[in-house]
Amino acid sequence: MTPLAARRSGRALPWGSWLVHALLLLAVGVIGFPLYFAFVISTQDLAEVVQRPPRLLPSGHLVANYIEAWRKSGMGALLFNSFVVALAVAVGKITISMLSAFAVVYFHFRGRTLVFWLIFVTLMLPIPVRILPTYEVIGNLGWLNSYAGLTVPLMASATATFLFRQFYLTIPNELAEAAQLDGAGPLRFLWSFLMPLSWANVAALFVVLFIYGWNEYFWPLLITTTQDMRTVIIGLELLIPRSGTELPTWNLIMAGAMMALLPPVVVIIVMQRWFVKGLIETEK
Amino acid sequence: MKRTVFPNRWLPYLLVLPQVAVTLVFFFWPAGQSLYLSLFKSPPFGGRDVFVGLDNFRALLTNRDYYDSVVNSFVFAFSVTALSVAGGLVVAALANQKIRGLGFYRTALLWPYGIAPAVAGIIFLFIFHPAYGIVPYVMAFVTTYEFNWLLKGWVAMVLIVVATAWTHVGYNIAFFLAGLQAIPESVMEAASVDGAGPVRKFTAIVVPLISPITFYLIVVNLVFAFFNAFGVIHAVTKGGPGNATEIMVFKLWQDGFIGLNLGSSAAQSVILMAVVILLTMLQFKIAEKKVTY
């Protein structure tokens, strides 16, 4: 800070920063309220849930509700499937993208430009524009209701490929020259030289892609028809009665929602630095 | 700059093979099929597809329901974008002051991004619940208007817009914060010396300087709202009441997978393809111009 700026901020009104804090805490409260409300409902019994005026304090039924919601929705299998899908999508996308970016940057081969364009154009082909035929492909492969069907089609990634390409281009040429002088082949170079340098990118991408895989809705809804292959985001619907004769157990629905949203939210909070880096760099 | 390359004939092909295979099998072939199918009509009880030219498109463009879904898509996408980009900018500008605890605030504002829009929708479904929800309860003190999303289309739209914007505002805050922190200290100091107050500094300096990021975020948010809104609508409103929240992606799924009208569904896919190509090109045009301070 220059002396001038220091003098100015020293003269700033004392309530200025308090006002900023107050407004920011208000924003935190507004953004946090829906989750707080969902949590509160998940700890109440049905009588408290329908109470007027709404009861905004937690009650003592947390454990009972979560056990009941877990049992009723088969939460164990749902969470397991979501973990498998999110991990497989994140690891698969990163691996595939790293390999193709490596090929594009460190080799000259016929069709390099074509490969680059093929990958680029996938950006313009989100699931909805190819939904029926992709479903048919999965059916023909016999991949309906399978982890392969849930994950492999999501593994192509233009953004991750571009991110790795961008990163490899910033690595000085001398590194590859030195590796070649040492007699290291391309795979050795990728594994022992590039990989150790890429960890920050890998971590950042991993967080973003894990969240993406966990929260994917359209694809698992189509590909899975049996409850045992559902992911938690779509399996949750099972807790919501559609018949009208059944009493909606909102406390259990909220308990289920809490369990579905906790893993990705915890990942963001714990890996916040990587997450922000990943978000901002994948969009460049 | 000339880059060092490895002399190897077949290895590069092996390296790009997984990506290219997934791309061809699950992206290009199906997208081509969408284009192809959009020109055919399949008889409902099996049999050979009949070539109908552009009939599927003509039928869509003169169809009132389809027109409604296009309007709903735009209303939804622009509302979500306006709410989450404007909200994100205001909050990020506040958080960018010289105050303590920036790390805390950033985390405390960012975490909803981890929540799937569908799950957010289920939470807001209860918040808006006509009988038990807190929003209708509070509204009842203000007005006698029945704030019931099961009956009023626009209330249902507000529900899904708010739920979707809630999950996405943190993303915008993160981008705006990165942009704001890149504005050189000296610029702001110069403005202070010239006697500019905080509001004047914001409108005269901050807004123009981060306008590339703002445009960029607007496009990204539009794409997000256009294509990732399926979950919240499927989980909460099912397009209703009536077809008040039926957006293009949802209608396409409903016509294809429930109605089994494959030709029309494929034609809707092709129209969406045009939309996404347009938006992506816009995104790259803006990204090219994006100023890095």
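**View 1. Secondary structure of chain B in the predicted model.** Chain B contains 13 helices and two strands. Of its 293 residues, 43% count as buried. Among contacts in chain B with a separation of 6 or more, 73% join residues 24 or more positions apart.

**View 2. Overall dimensions of chain B.** Along the principal axes, the C-alpha atoms of chain B fill a box of roughly 80 × 75 × 30 Å. The radius of gyration of chain B is 24 Å, whereas a compact globule of 293 residues would have one near 19 Å.

**View 3. The contact between chain A and chain B.** On chain A, 84 residues are in contact with 78 residues of chain B. Helix α2 (residues 14-42) of chain A supplies 12 residues to the side of chain A that touches chain B, the largest share. By residue class, that side of chain A consists of 63 nonpolar, 14 polar and seven charged residues.

**View 4. Confidence along chain A.** The mean pLDDT of chain A is 86, and 92% of its residues reach 70 or more. Among the elements of chain A, helix α5 (residues 75-106) has the highest mean pLDDT, 94.

View 5. Helix α1 (residues 3-11) of chain A has the lowest mean pLDDT among the elements of that chain, 42. Where pLDDT is low, predicted coordinates should not be read in detail.

Conventions: Residues numbered from 1 in each chain as written. Chains lettered and ligands numbered in written order. Predicted model: local features only at pLDDT ≥ 70, side-chain atom pairs only at ≥ 80, totals over all residues. Contact = placed C-beta atoms within 7 Å. Helix = DSSP H or I, 4+ residues; strand = E, 2+ residues; numbered from the N terminus. Nonpolar A, V, L, I, M, F, W, Y, C, P; charged D, E, K, R; others polar. Rg over C-alpha atoms; globule rule 2.2 N^0.38 Å. Buried ≥ 20, exposed ≤ 12 C-beta atoms within 10 Å, placed from the backbone. pLDDT = per-residue confidence, 0-100.
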